[in-house]
Number of protein chains: 2
Amino acid sequence: MNDVIGAHRIDCLQYANWSEKIFREMRKGGVDAVHVTIAYHENFREVVHNIEVWNSWFERFPELIFHGRTGDDVRRARESGRTAIFFGFQNPSPIEDDIGLVEVVHTLGVRFMQLSYNNQSLLATGCYEAEDPGITRMGREVIKEMNRVGLVIDMSHSAERSTLEAIELSERPIAITHANPAFWHAALRNKSDNVLRALSQSGGMLGLSLYPHHLRDGAACTLQSFCEMVARLIEVMGSEHVGIGSDLCQDQPDSVVEWMRVGRWTKDIDYGEGSADNAGFPPMPDWFHGNLDFDNIETGLSAAGLSDTDVAGVMGENWLRFYDASFGPLAK
Amino acid sequence: MNDVIGAHRIDCLQYANWSEKIFREMRKGGVDAVHVTIAYHENFREVVHNIEVWNSWFERFPELIFHGRTGDDVRRARESGRTAIFFGFQNPSPIEDDIGLVEVVHTLGVRFMQLSYNNQSLLATGCYEAEDPGITRMGREVIKEMNRVGLVIDMSHSAERSTLEAIELSERPIAITHANPAFWHAALRNKSDNVLRALSQSGGMLGLSLYPHHLRDGAACTLQSFCEMVARLIEVMGSEHVGIGSDLCQDQPDSVVEWMRVGRWTKDIDYGEGSADNAGFPPMPDWFHGNLDFDNIETGLSAAGLSDTDVAGVMGENWLRFYDASFGPLAK
């Protein structure tokens, strides 16, 4: 670990094929907190099972990881040489059609929920739908309830109008935990200047993705190109609203990307960001394979001209401030 | 029973507080088939419970009712002096996010499914949303699957664009089981001439509602006004595409209308077609309180100038032809 900056290091999105190896890499890489996905298409009962699985990881490896619920848990992780694991949903499927489940999943320790994942949900529109009517009737109610209990709205896979409306309707800052600016790479999943500005002006956070489909030149993207994008992004959003959300899918079999894309909503195959001849997980860029490689990004950001404070912010301090403000009940 | 026409009599939507009394009224009123709602907001497991409850009604009153699955079951009901009960969902909530459940619910004997109920669903938009983006990505897939197995698409509570797209996308005629023409009473739930024409031109069916919020002058609506509307409607749609879907909610407590409107999607109250000072079930018009009163409609339609053939069609023969064509697998 080459952590000259000394910042807390937070990765605000991973969905790896979890193992002791990866938990040890988190520690070796100095990663104090990881927001892990525990639902793509799962319903409530299925997500409770996923929490049970995480509970057994916590029970088996208490010296490496624990369940994070607050910003202070990130500090506790650093102090005790562990990684705090924060739960999030990429889809509102676990709350089904039941607004009462918002408080229940928060009590179970969930801290992020996307309002839609690629497709239309009961709450909002996903980025692959042809039309985006914005936040639905139920969506407006659920946003209020998420604000009340401290469940963060995440619009990473949502369509543009829904995203702008969520920012507007939410009384609290929202997050886009894993995406990049469209000005750098115009993927459907990356975000327009409009969204980036509205997000930062409302106090929200963007987590930068290392998923190759979100990178300029895909797996061939250079560290320099990525870090120069961050420098430019900071000019658009301000340095306090940018962090990392790597979208790391380490060690996952291709069957997992099929579950992400297809769930149970079609009998056909949908290739999402991929294509028929590029259906599985794409290879990662050579400077980022996982939790051991955050030093590369930190070094690259300094080389791109970011101040130590700005590097520290991007590497984790910005997310930490957001965590501090976001996970508790709405102050009255 | 004053059934001079001799047609099969079908009511293509009821959600009564079921009882032996009501089943006896069905028989006394000469009603050969009723499409009953078994889901407003229920998920799969909950709707299976509702089927279990119906199975116990069938077991207790085999001389009055049985589970209908085909058009021939309507004929069998008439021949054996019983009423065939057809299952339907007012919301796609029972298939959750799982296209595989379409075939499963058809196997369980479900024959109608609305693609949305008032609000946005995973498939289509409901009539109370501010915006209607049309059929979603999952909706297109589910329509194909419903066509394949013989589960009828019902757009009674859907918004206009979604309804027109469902008619267009479906390879088989669809139904609007319970609504009236907006030209007669411009409620949000009633249908525009555009929808009525597209529906009939594609071979679809409209079931006329007796729910007071759908009637001109509400509970004060006269039988003559209703029957003159039918005569005019036949000029728009043709006489073969109109039937009855009374939306009868006999003997229900007001708590049921709250479940219909609010489900689990909001912590507040939503009044739907009602209002704060008119929140419960409205009173029925004096010429239609339930299954004993279909004679009034039959007499009224004749008085409004409909031919015996057209009266027979509206009272049930049109639905019977539609049932014959709709409930089996798609012919290849």
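These are my notebook entries on what I looked up in the structure above.

**Conventions.** I am working from a predicted model, in which local features need pLDDT of at least 70 and side-chain atom pairs count only at pLDDT 80 or more, while totals for chains, interfaces and linings use all residues. Residues are numbered from 1 along each chain as its sequence is written, and chains are lettered from A and ligands numbered from 1 in the order in which they are written.

**Chain A overall.** I looked up the secondary structure of chain A and found 11 helices and 9 strands, where helices (H or I, at least four residues) and strands (E, at least two) are DSSP runs numbered from the N terminus. Its radius of gyration is 18 Å, close to the 20 Å that the globule rule gives for 332 residues, so chain A is as compact as a globular protein of that length; the radius is taken over C-alpha atoms, and the rule is 2.2 Å times the number of residues to the power 0.38. I noted that 54% of the 332 residues of chain A count as buried, which requires 20 or more other C-beta atoms, placed from the backbone, within 10 Å of a residue's own.

**Between the chains.** I found 28 residues of chain A in contact with 28 residues of chain B, contact being C-beta atoms, placed from the backbone, that lie within 7 Å. On the chain A side, helix H5 (residues 137-149) supplies the largest share, 4 residues.

**Helix H5 of chain B.** I checked the 13 residues of helix H5 (residues 137-149) of chain B, which at 1.5 Å a residue should span 18 Å, and the end C-alpha atoms are 19 Å apart, which agrees; the expected span is 1.5 Å times one less than the number of residues. The buried residues of H5(B) include Met138(B), Val142(B) and Ile143(B), and among the elements covering the buried residues are helix H4 (100-107) and strand S5 (110-114) of chain B. After H5(B) comes Gly150(B), with a positive phi near 95 degrees.

Leaving aside neighbours within four places in sequence, Val230(B) is in contact with Val314(B), and its other partners include Leu208(B) and Val242(B).

How values were computed:
Two residues are in contact if their C-beta atoms, placed from the backbone, lie within 7 Å. A residue is buried if 20 or more other C-beta atoms lie within 10 Å of its own, exposed if 12 or fewer, and partly exposed in between; C-beta atoms are placed from the backbone.
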